[in-house]
Amino acid sequence: MNKIYLFDLDGTITNEEILPKIAEKFNFKKKMTLLTRSAMAGDVPFENSFSLRHKMLSKFELEKIRNVVEKISLNKFLVNYINKNSNKCKIITGNLDEWIVPLKKKIKCEFFTSKSINNGKKLKYIMNKGQIVKKFKCKKKIFIGDGYNDVSAFRNCNIKIAYGKIHLPPDVLINMSDYYISDEKKLCQLLEQL
Amino acid sequence: MPASRTIIINAAGIGSRLGMNIPKALIKIYGKPLINWTLNALKKEKNIRIVVGYKAIDVIKHISKIRKDIIFVNNKNFFKTGTASSFLLGCNNLSKTDVVSIDGDLLFNKSQINKILNSKNSCIGVTKPNTENAIYVKEKIIKNMSYHNGFTKLKTNYEWSGIFKINSKKLNINDKSFHVYEMLNKIKINFLIHKIKSMDFDTPNDYMELKKNFYKIYY
């Protein structure tokens, strides 16, 4: 394959961060938002933050978590683009395999996620995006992301797009990027041109 | 119809001759950053790419407040490259489309710009000489039409505005010129000359003059 599009999920394909939305259901949205934001900004290492956030959420029924994820608002334009180009597109997310199952039905491409056992209760692997991106054998690896945990992915791809639809990405991501875009239609236009 | 043309705004430079610690596109003229006036004049344009470099994040943050549908191209080598490589970076992956290049430190007349935007031919914009370190345009007349006949540092009737329109297929994407006019000198096509009221600013004196003459130039 000549080129692949690698998308971050939270805040890129989704119109909101997923974990704070789940936490809202169980009445601790504020705390979760804070933890999520600090991980996105790179104030806390993603692995530590994700372990902690997983611990907080794993005590709740998987069914209830998935019900929230089912209703997460998606950027329809981007989902449509991915579904039309599903063989070229992949989602690379730190989010957990078991939690985001409902999204896999709507976004029809290959997903790379953090992994769990025991119905999401136990963490088995926390996503390191750089390691995954490195493995793809392809001339043009294009990564689209918005958070600090996308830095390692940027390091291992040829074309880096910082995406700021929901919030401004951290400075380091913008500085590393080849393009900065905050509009989904312009993003897809650029992907076609690349 | 602003068909498929793309506007490339070069706003990556340091502006070292001016000596202000801010990208020139963000310097206030008549109460607003210069880029606001530029984008206001280009409101109807559907495809705008802005090449950023020096203080890229400040430029992006500011412009994102005005307009969302812009593709920012990051010139990570802004400190050692010139306008030519910023422009070519902005043109990257644009195949066979008309591109109009405008420098981020240029104030231009908001209606006269349409002559260039809508020109069916490759063209350049010139103005009455008005800055300290100008590049001038030599003219040749073919069938009563005025064409560009090279750039020079020796004064002529026309100062180059920095604006030009060309089809991207005519560009050599690997050109290593520093300045855009050096790059254009190598392209063997006839550029039509369009007169447009405009002024850029490289020095403190230019900046003072620009502030004084804002209204006359822009409207």
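**From a helix pair to the chain contact**

In chain A, A:Leu19, A:Pro20, A:Ala23 and A:Glu24 of α1(A) meet A:Lys29, A:Met32, A:Thr33 and A:Thr36 of α2(A). Contact here requires C-beta atoms, placed from the backbone, to lie within 7 Å, and helices (H or I, at least four residues) and strands (E, at least two) are DSSP runs numbered from the N terminus. The residues of this helix contact comprise four nonpolar, two polar and two charged; Ala, Val, Leu, Ile, Met, Phe, Trp, Tyr, Cys and Pro count as nonpolar, Asp, Glu, Lys and Arg as charged, and the others, Gly among them, as polar.

The model is predicted: local features need pLDDT of at least 70, side-chain atom pairs count only at pLDDT 80 or more, and totals for chains, interfaces and linings use all residues. Residues are numbered from 1 along each chain as its sequence is written, while chains are lettered from A and ligands numbered from 1 in the order in which they are written.

Helix α1 (residues 18-25) of chain A packs against helix α2 (residues 29-41) of chain A at an angle of about 165°, their axes 8 Å apart. Axes are lines fitted to C-alpha atoms, for helices over the stretch in contact, and angles run from 0 to 180 degrees between N-to-C directions. α1(A) is therefore roughly antiparallel to α2(A), since angles over 145 degrees count as roughly antiparallel, under 35 as roughly parallel, 65 to 115 as roughly perpendicular and the rest as oblique.

α1(A) also packs against helix α4 (residues 62-70) of chain A, at about 125° with the axes 9 Å apart, so α1(A) is oblique to α4(A). In this pair, A:Ile18, A:Lys21, A:Ile22 and A:Lys25 of α1(A) meet A:Lys64, A:Ile65, A:Val68 and A:Val69 of α4(A). By class, that contact has five nonpolar, no polar and three charged residues.

At the next level, the domain assignment (automatic or from a database) divides chain A into domain 1 (3-15 + 74-193) and domain 2 (18-69).

Finally, the contact between the chains takes 16 residues from chain A and 13 residues from chain B. α9 (171-176), β7 (179-181) and α10 (184-193) of chain A each supply at least two residues to the chain A side. β7(A) pairs with strand β5 (residues 70-74) of chain B in the antiparallel sense over two bridges, pairing being assigned if DSSP finds at least two bridges between the strands. There, A:Tyr179 stands opposite B:Val73 in β5(B).

Conventions:
Two residues are in contact if their C-beta atoms, placed from the backbone, lie within 7 Å.
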